[in-house]
Amino acid sequence: MENKYDFGLVGLGVMGRNFILNVADNGFTAFGNDLDEEKVNALIEEGGDTAKVNATTDNKVFLEALSKPRKIMLLVPAGKVVDIVIENLLPHLDEGDLIIDGGNSFYTDTDRREAYLSKKGINFFGAGVSGGAKGARRGPSIMPGGNKEAYQHVKPIFEAVSAKYNGEPCVTYLGPKSAGNYVKMVHNGIEYGLMQLTSEIYDVLKKGGDFNNDELHATYSKWNKGRLQSFLVEITSEIFEEEDSLGEGRLVDKILDKAKQKGTGKWTSQNAMDLGIPVPSIDVAVSMREISALKEERIEADKLYDRPSVEHMEKGTLEKITEEALYFSFIITYAQGLHQLADASKEYGYELDIAEIAKIWRAGCIIRAGLLADITEAFKANASLPNLLLSPTFVKKVQSTVDSARELVAFGAKNGIPLPGLSNSLTYFDAYTSSRLPLNLIQAQRDYFGSHTYERLDREGIFHTEWEKE
């Protein structure tokens, strides 16, 4: 077989098969590899012309079919599987070849693999791919990080297959080492927050306004035509229309309220704590998935405690304040995630351009939203903006919606409707915009019981007081 294929891909599951077909659709030849012969045959059949798309179960045949330097993408489960695939490929690789991990690998694993492979002369990239199976086929948002010179080899392919926003590809080189996987991790953390908020607003509309599924569909559909335009609001509107194919009524009402997770939201939250960056809207979104898993305990607890009778709000009024509260909390969640990216960039030497990240999230990815165009402009205007809440553009957006967030949080508390994502977003905002917090008392407490010292408002230095009187 002649060495003529431009691009190789290991892992021909739904994501891998769709991605490689996308590559072929954009004028590049692509060769797939998988241990499962059925998946190999399925790709060959769907690809049609083997001169454009081909596949094999044999590593040696796979690698001999690729033009040099080889550009090999892995779309396999994160963890040990990535290391196993790398070891299987290594004996057949040449210096200068490029391996791209397209899965949701933890960023420190990417750093480890890059260091290991660079010693062998092999380039290694972590490239987050967002957009799900449909995105992989039609155009995802791609977040690559690694050696900048090596990226040039795969840049034409990635720019061709990625989603486009006003003609601009939703991919760019993000930075060295694990920058790509780190950005994808925080992307997923923001995703957790936005999904939690969207579900809370659904809960309020349903319980506080007696919105039925048709009304919910109409409301979310209308919002998606306005400033809340986003992938998540769009698909939410469609979910309310879906009929139950196994019974009567709408499917959404038959789905068990236990949400699962793959860990990327948790990683975002944990790493934010390590960095000392507050991301409470993301933290609580992770916690709510954990609380949702306690279904049996929740059923028992529900029997033990009385709940307030929900006072219904007029539908038009409720729709207005929920739209404003959701917009407010979307802004807060993006602000938290981008703050984490900015701090991580300094800590890990990523040299991230936040405006560029917001740009490549405008289409193709799960958190794509009209709001990202404004976020892009805010960071273009001030690349060193510490927090989105300090952008003059966003001051106006937040000021015009925060009162509705307050009203809705109060409504939820009074009526026993849990709104942890919205509440935490509001609390974060109130704390971040407070020039004086009660943490002076905590410092006094720490010094009282542990001699941890404190600083003063009126003079420089470190102080300690003997609090206990003999």
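The tour begins with the whole chain and then moves to single residues.

**Before selecting anything**

This is a predicted model, in which local features need pLDDT of at least 70 and side-chain atom pairs count only at pLDDT 80 or more, while totals for chains, interfaces and linings use all residues. Residues are numbered from 1 along each chain as its sequence is written, and side-chain values use heavy atoms, with hydrogens and water left out.

**Stop 1: the whole chain**

Display the protein chain as a cartoon. The chain has 20 helices and nine strands; helices (H or I, at least four residues) and strands (E, at least two) are DSSP runs, numbered from the N terminus. Along the principal axes, the C-alpha atoms fill a box of roughly 80 × 65 × 45 Å.

How does the radius of gyration agree with that of a compact globule? For 470 residues such a globule would have a value near 23 Å, and the protein chain has 25 Å, which agrees. The radius is taken over C-alpha atoms, and the globule rule is 2.2 Å times the number of residues to the power 0.38.

Now switch to a surface view. The protein chain exposes about 22500 Å², of which carbon and sulfur atoms supply 51%; the areas come from the Shrake-Rupley method with a 1.4 Å probe, and for residues only the protein chains shown count as cover. Buried residues make up 51% of the 470 residues. Here buried means under 20% relative accessible area, exposed means over 50%, and partly exposed lies in between (1.4 Å probe, protein chains only).

Among contacts with a separation of 6 or more, 69% join residues 24 or more positions apart, where contact means heavy atoms within 4.5 Å.

**Stop 2: the nonpolar cores**

Select Y182, Y334, L341, W361 and I375. These residues have the most contacts inside the largest nonpolar core, which has 83 residues. Helix α14 (residues 315-348) gives the most to this core, with 16 residues. A nonpolar core is a set of buried Ala, Val, Leu, Ile, Met, Phe, Trp, Tyr and Cys residues joined through side-chain atoms within 4.5 Å.

Next, centre the view on L341. Not counting residues up to four places away in sequence, L341 touches Y182, V183, V186, L352, I354, I357 and W361. A second, separate core of 30 residues includes A24, L75, I142 and V161.

**Stop 3**

Select L371, which is placed in helix α16. Is L371 buried or exposed? L371 counts as buried because its relative accessibility is 3%. Leaving out residues up to four places away in sequence, L371 touches Y327, F330, I331, Y334 and F394.

Then select S391, in the loop between α16 (371-381) and α17 (392-399). With a relative accessible area of 3%, S391 is buried. S391 touches A378 and L385, again not counting residues up to four places away in sequence.

**Stop 4: a partly exposed loop residue**

Move to L294, found in the loop between α12 (280-292) and α13 (295-304). L294 counts as partly exposed, at 37% relative accessibility. Its C-alpha atom is separated by 10.0 Å from that of D257, which lies 37 residues apart along the chain.

**Stop 5: backbone features**

Most residues other than glycine have a negative phi, and most peptide bonds are trans.

- Select K68 and P69: a cis peptide bond joins them, with omega about -5 degrees. P69 is in the loop between α3 (59-64) and β4 (71-74).
- Select N166: its phi is positive, about 50 degrees, although N166 is not a glycine. N166 is in the loop between β8 (164-165) and β9 (168-169), and counts as exposed at 70% relative accessibility.
- Select T453: this residue also is not a glycine and has a positive phi of about 70 degrees. T453 is in the segment after α20 (439-450), and counts as partly exposed at 26% relative accessibility.
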